[in-house]
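Please look over the sequence and the structure before reading on. The questions below go through some of the features one at a time.

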Amino acid sequence: MPGQNEGADAHHPGVRHEESPRHRHLASPLLEPSVGPTVGSAVGTAVGPLGGSGAGPASGTTTALGTCGTLAEPELLFCPTCAAPLTGDAPRDRALTDGTREGLGADRLLAALRASESRFRAAFCDAVIGMALIDAEDRIIEVNPAFANLIGRSVGELVRTHLHRIIDPEGMPDRLFSELVRGERERFRVEKQLKHREGHTVWSKVTVSLIRDGAGDPLYTLALVEDITEQRRLGDRLEYQALHDPLTRLPNRAYFFDRLDAACLTPVDRPATADTPDERRVGVCYLDLDGFAAINEALGHHIGDQLLIAVATRLRRGFDRRDTHLVARMGGDEFAVLVTDSLGSEQLTELAARILEALERPFDVAGHRLVITASVGVVERSVHETTPTDLVKDADATLYWSKADGRARWTLYDPDRGAHQLTRQLLATSLRPALERGEFTIEYQPLVGLADGTVHGAEALVRWRHPRYGTLSPDRFIPLAEETGAIVPLGTWVLEESCRQARQWLAEFPETETFVSVNLAARQIWDSDIVADVARALERTGLPARLLQLEITESALLGPGGRPLQALQALADMGVRIAIDDFGTGYSNLAYLSRLPVHVLKLDGTFIEGFREPAPTDRPGRPELGSRRSDADEQIVGAMVQLAHTLGLTVTAEGIESAAQAERLRLTGCDTAQGWYFARPGEAELVAAILREGRPSLDGR
């Protein structure tokens with residue numbers, strides 16, 4: 001039916017084109033032959049660049065028609081949209097003369113081409129995206145108002161303007177553009193900066209497409225330009241927020257690592273080798289404010305935040321050089337200064353000293369005058385000897401060394417100390433698994449009576465049979481066990497094993513009643529029910545309470561809160577012996593000593609060192625400095641022994657290495673002693689062998 005094929009299918013290939021009202025309109029007498037050249041001129045402008053004829057205004061009607069199709073047969077016309085044949089009603093076509101049909105077909109095609117150009121012009125001029133048609137010499141042929149407005153110019157100004165006067169040529173993808181001009185690529189997309197008339201930059205997304213002529217050869221390029229300035233600004237803001245601390249406006253940890261990664265990269269054009277190592281160096285000053293938590297607690301977090309801002313401002317003004325130095329906030333009250341062109345450790349330590357000096361000046365914050373200090377860890381090394389992760393890890397470790405050494409100072413990284421810290425960490429993390437694997441064992445050192453030379457008891461000394469480091473003495477892992485809390489299960493195990501061994505001695509040598517002395521850590525009292533633990537161990541092993549002695553340090557015994565005293569009083573009431581270990585090095589509150597539930601004082605080994613010298617009566621003449629110290633130690637030990645005996649306590653001396661020491665201690669009234677002179681620590685069988693013989697073989701033999 002006529003008129004039913006309009007729309008999407010009207011010009012579809014294979015559809016027979018009827019003479020619809022639209023076609024009758026295109027064939028109206030309004031298209032007089034006299035307007036042929038004018039129409040041809042208009043069509044040439046549109047079709048020449050886009051359709052590939054390139055005939056220009058002089059092409060006339062014939063060229064315009066030849067662009068869309070060939071009119072060799074009057075009966076056969078082509079649709080300018082889809083190139084489908086335009087055939088009318090056959091009976092009526094036969095009724096027309098040849099000339100009439102030819103004139104009618106030409107008028108239809110000219111009208112269709114004019115309509116096509118109108119649609120193109122409307123789309124080109126009204127588009128919100130900038131469009132520009134460019135010739136082979138990179139000059140603008142046509143441009144739409146959107147493009148002109150984008151850069152603050154008029155359409156007339158831009159025609160015949162070289163493209164590089166508008167688009168910055170630097171950074172253009174030369175390879176892609178060359179491939180496009182040669183016809184090897186159809187299009188490419190790039191983000192570029194456009195030069196606005198007022199001088200500012202307009203960021204745009206430019207899509208460059210190739211337009212070919214009728215033979216398929218490259219003719220023009222079409223540039224579609226979209227303004228993305230706001231998107232770029234938003235992206236820049238988001239990037240800034242992602243890489244900067246919102247409180248202090250300093251670069252954050254992520255930005256710091258980006259710069260550090262870049263500083264540690266090996267240049268591509270100069271790769272490091274064994275013969276020519278990379279000589280670049282990098283350094284970090286990692287700092288933490290001392291006592292900042294106390295300021296937050298006392299004055300409030302809002303004052304703490306203002307203090308952090310003031311610290312950041314002072315650091316930025318004094319030490320931030322964009323090319324070589326970077327000041328960043330790493331989190332909390334921790335900051336870092338990165339030096340990407342370090343000249344050596346001296347430069348970094350001088351920088352750390354200046355940082356400390358700068359932060360020591362008082363801060364005026366919200367009406368408060370605050371004085372703070374900082375601890376700084378310093379790491380400096382060659383780029384090829386480190387990684388960013390190792391550098392920051394070592395800097396962080398060095399920072400805490402500085403705090404442990406007294407704060408308000410800088411500390412330079414020491415590889416030996418770092419290796420020691422690493423070993424400590426490895427031991428700390430493997431303490432509990434080692435206990436489960438049965439890697440711990442107990443050695444016993446006899447406690448010998450100085451008056452009769454017989455064994456009264458033995459001190460239990462735990463050892464760690466480490467599969468990697470060998471046998472470790474208590475001083476290597478007991479402090480770690482106390483820090484991590486592993487001392488509680490470890491101490492419980494030592495207590496039960498020691499009680500079980502003492503019960504075996506009692507069974508084999510009932511007349512001696514040899515007691516066992518077990519060290520008790522302060523954390524065992526605080527983190528567990530030590531009274532219940534001891535009662536359970538005695539019940540399980542069957543050891544009488546009088547044969548168990550618990551040693552606790554003086555500082556732990558006299559701690560605050562009263563809990564240690566309550567626990568020790570309960571243990572003493574059970575019949576357990578209590579000994580104060582390392583007496584004379586802690587509080588030494590003699591007035592308090594009379595009220596403590598203790599039975600034994602164990603003198604610290606430092607008081608015994610002076611007894612290595614001969615007795616004063618064996619040194620005729622004027623005493624020297626060493627002898628005066630020996631005399632003083634002897635007087636101190638004698639006084640403590642007398643005090644202990646007055647309070648009804650016994651005294652044990654540690655670290656006896658010679659017969660002279662043993663004899664001089666016996667003369668002071670000391671009750672028992674232990675040391676290598678009597679026996680080295682060993683297996684339980686060592687104590688059993690001594691008990692069989694009745695007395696130890698002296699000098700540890």
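**Salt bridges, a buried residue, a helix and a sheet**

Q: In this predicted model, does Glu663 count as buried, partly exposed or exposed?
A: The relative accessibility of Glu663 is 36%. Buried means under 20% and exposed over 50%. Because 36% lies in between, Glu663 counts as partly exposed.

Q: Which residue of the salt bridge between Asp533 and Arg536 is buried?
A: The two side chains meet at 3.1 Å, N to O, and the residues are three apart in helix H19 (residues 530-541). Arg536 has 33% relative accessibility, so Arg536 counts as partly exposed. The other residue has a relative accessible area of 13%, under the 20% cut-off, so the buried one is Asp533.

Q: What is the N to O distance in the salt bridge of Glu685 and Arg692?
A: Glu685 counts as partly exposed at 47% relative accessibility, and Arg692 counts as partly exposed at 46%. Their side chains meet in a salt bridge, and the N to O distance is 2.7 Å.

Q: How many salt bridges does a search of the whole structure find?
A: The pairs Asp533 and Arg536, Glu663 and Arg666, and Glu685 and Arg692 are among them. The search of the whole structure finds 32.

Q: Is Ala460 buried or exposed?
A: Ala460 lies in strand E16 (residues 455-466). Contacts of Ala460 beyond four places in sequence include Ile442, Tyr444, Val516 and Val518. Its relative accessible area is 4%, under the 20% cut-off, so Ala460 is buried.

Q: What span does helix H13 reach from its first C-alpha to its last?
A: Helix H13 covers residues 345-360, which is 16 residues. At 1.5 Å a residue, the expected span is 22 Å. The span in the model is close to that, at 23 Å.

Q: In strand E7, which residue is the bridge partner of Leu133?
A: An open sheet of five strands has the order E4-E3-E7-E6-E5. In this sheet, strand E3 (residues 130-134) and strand E7 (residues 218-227) pair in the antiparallel sense over five bridges. The bridge partner of Leu133 in E7 is Leu222.

Key: Residues numbered from 1 in each chain as written. Predicted model: local features only at pLDDT ≥ 70, side-chain atom pairs only at ≥ 80, totals over all residues. Heavy atoms only, no water. Helix = DSSP H or I, 4+ residues; strand = E, 2+ residues; numbered from the N terminus. Expected span 1.5 Å × (residues − 1). Pairing = 2+ DSSP bridges. Buried < 20%, exposed > 50% of the residue type's maximum accessible area, 1.4 Å probe, protein only. Contact = heavy atoms within 4.5 Å. Salt bridge = Lys/Arg side-chain N within 4 Å of Asp/Glu carboxyl O.
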